[in-house]
Amino acid sequence: QTNCSDFNKTGVSCHINGYGFSTVSRTMVCGSFRRGFCEDGMDIACVSVGQNCTVHKHQLCDEANDCTSGADEKHPACFDLTEQKCFRNYETGRELRIPVSWLGDGLKGCIN
């Protein structure tokens, strides 16, 4: 579930203890199976945004409803976004603005 080469299955990229820089599959990010692959905690940076909906923080405010209710796009963090766009660590394949509340939180918000 690490070193995933299929972009459609890749969740996050991070340094994995003993393996260097690698990827973690979407099924393992915020999952209940094995947690804590990434040295920086990027794979467990999860947010509960509604009943029965927990998403990776980088799925917030990404212009895609990951929760059936759309709660991930209505989260309070989505109301104050940076002007500058970047590629987020959670793979979307496009540049997005990031919530201002993420600035200085200790997790790398952008990969470019």
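Predicted model: local features only at pLDDT ≥ 70, side-chain atom pairs only at ≥ 80, totals over all residues.
Residues are numbered from 1 along each chain as its sequence is written, and side-chain values use heavy atoms, with hydrogens and water left out.

**View 1. Salt bridge between Lys-57 and Asp-105.** A salt bridge is a side-chain nitrogen of Lys or Arg within 4 Å of a carboxyl oxygen of Asp or Glu. Searching the whole structure gives two of them. In the pair of Lys-57 and Asp-105, the closest N and O atoms are 2.2 Å apart. Lys-57 sits in the loop between β4 (53–56) and β5 (81–87) and Asp-105 in the segment after β6 (95–99), so the bridge ties together parts 48 residues apart in sequence. Strands (E, at least two residues) are DSSP runs, numbered from the N terminus. Lys-57 is buried at 7% relative accessible area, whereas Asp-105 is partly exposed at 35%. Buried means under 20% relative accessible area, exposed over 50% and partly exposed in between (1.4 Å probe, protein chains only).

**View 2. Salt bridge between Glu-63 and Arg-94.** The closest N and O atoms of this pair are 3.2 Å apart. Glu-63 belongs to the loop between β4 and β5 and Arg-94 to the loop between β5 and β6, so parts 31 residues apart in sequence are tied together. Glu-63 is exposed, with 65% relative accessibility; Arg-94 is partly exposed, with 31%.

**View 3. Disulfide between Cys-53 and Cys-67.** A disulfide is counted for a pair of cysteine sulfur atoms within 2.5 Å, and by this rule there are three. The S to S distance for Cys-53 and Cys-67 is 1.8 Å. The torsion about their S-S bond is about -80 degrees, so the disulfide is left-handed. It joins strand β4, which holds Cys-53, to the loop between β4 and β5, which holds Cys-67, and so ties together parts 14 residues apart in sequence. Both cysteines, Cys-53 and Cys-67, are buried.

**View 4. Disulfide between Cys-61 and Cys-78.** The sulfur atoms are 2.1 Å apart. The link of Cys-61 and Cys-78 is left-handed, with -90 degrees about the S-S bond. Cys-61 and Cys-78 each lie in the loop between β4 and β5, 17 residues apart in sequence. Both residues of the pair, Cys-61 and Cys-78, are buried.

**View 5. Disulfide between Cys-86 and Cys-110.** Here the sulfur atoms are 1.9 Å apart, and the link is left-handed at -65 degrees about the S-S bond. Distant parts of the chain are linked, with Cys-86 in strand β5 and Cys-110 in the segment after β6, 24 residues apart. Cys-86 is buried, with 6% relative accessible area.

**View 6. Arg-88, buried without a salt bridge.** Arg-88 is located in the loop between β5 and β6. The nearest side chain of opposite charge, Asp-62, is 5.4 Å away (Lys and Arg count as positive, Asp and Glu as negative; His and the chain ends are not counted). A polar atom of the Arg-88 side chain lies 2.5 Å from the backbone oxygen of Arg-97. Leaving aside neighbours within four places in sequence, residues in contact with Arg-88 (heavy atoms within 4.5 Å) include His-58, Asp-62, Trp-102 and Cys-110.

Notes
Helix = DSSP H or I, 4+ residues; strand = E, 2+ residues; numbered from the N terminus. Polar contact = N/O pair within 3.5 Å; in protein donor to acceptor, adjacent residues only side chain to side chain.
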